[in-house]
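Visitor: I am new to this structure and would like a close look at a single part of it. Please take me through that part slowly.

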Amino acid sequence: MSEIVGFLAGLGTTFAAFPDFLAMVRRRSSQGMNPRMGAIMGAFQILWIYYRMSIASRPVIIWNVLAVLINFLTVGAYAYFLRRERLAPGDSRLKSS
């Protein structure tokens, strides 16, 4: 039973930031997002990975690696969309997709 609870806890905390990432990508805008949250969560999850490696907890390591990737993807998407938004609509450096 504790393994099931651990699995569900890992799943929930890992993918908690994913809806924000999807919303940002769908609206193609950085508005309403705070990149500090993703960066802070990602940095502290790296510490969790280090700690869990020292006690050899593979499931927690895997969940935290996924969470780090999601959080840093969110920060990267934020930076990308923010850069696009700061360019003037007629700017030749901005290629429409």
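Which residues are buried in helix 4?

Guide: A word on the source comes before the answer: this is a predicted model, in which local features need pLDDT of at least 70 and side-chain atom pairs count only at pLDDT 80 or more, while totals for chains, interfaces and linings use all residues. Residues are numbered from 1 along each chain as its sequence is written, and side-chain values use heavy atoms, with hydrogens and water left out.

In helix 4, the buried residues are Ile61, Trp63, Asn64, Ala67, Val68, Ile70, Asn71, Thr74, Ala77, Tyr78 and Phe81. Buried means under 20% relative accessible area, exposed means over 50%, and partly exposed lies in between (1.4 Å probe, protein chains only). Helices are DSSP runs of H or I with at least four residues, numbered from the N terminus.

Ile70 counts as buried because its relative accessibility is 8%, and Ile70 touches Thr14, Phe15, Ala17 and Phe18, not counting residues up to four places away in sequence; contact here means heavy atoms within 4.5 Å. Although Ile70 and Thr14 are 56 residues apart along the chain, their C-alpha atoms are separated by 8.0 Å.

Phe21, Met24 and Met33 belong, with Ala77, Tyr78 and Phe81, to the largest nonpolar core, 6 residues in all. Helix 2 (18–27) and helix 4 each supply at least two residues of this core, and the largest share, 3 residues, comes from helix 4. Such a core is a set of buried Ala, Val, Leu, Ile, Met, Phe, Trp, Tyr and Cys residues joined through side-chain atoms within 4.5 Å. Beyond its neighbours within four places in sequence, Phe21 is in contact with Leu73, Thr74 and Ala77.
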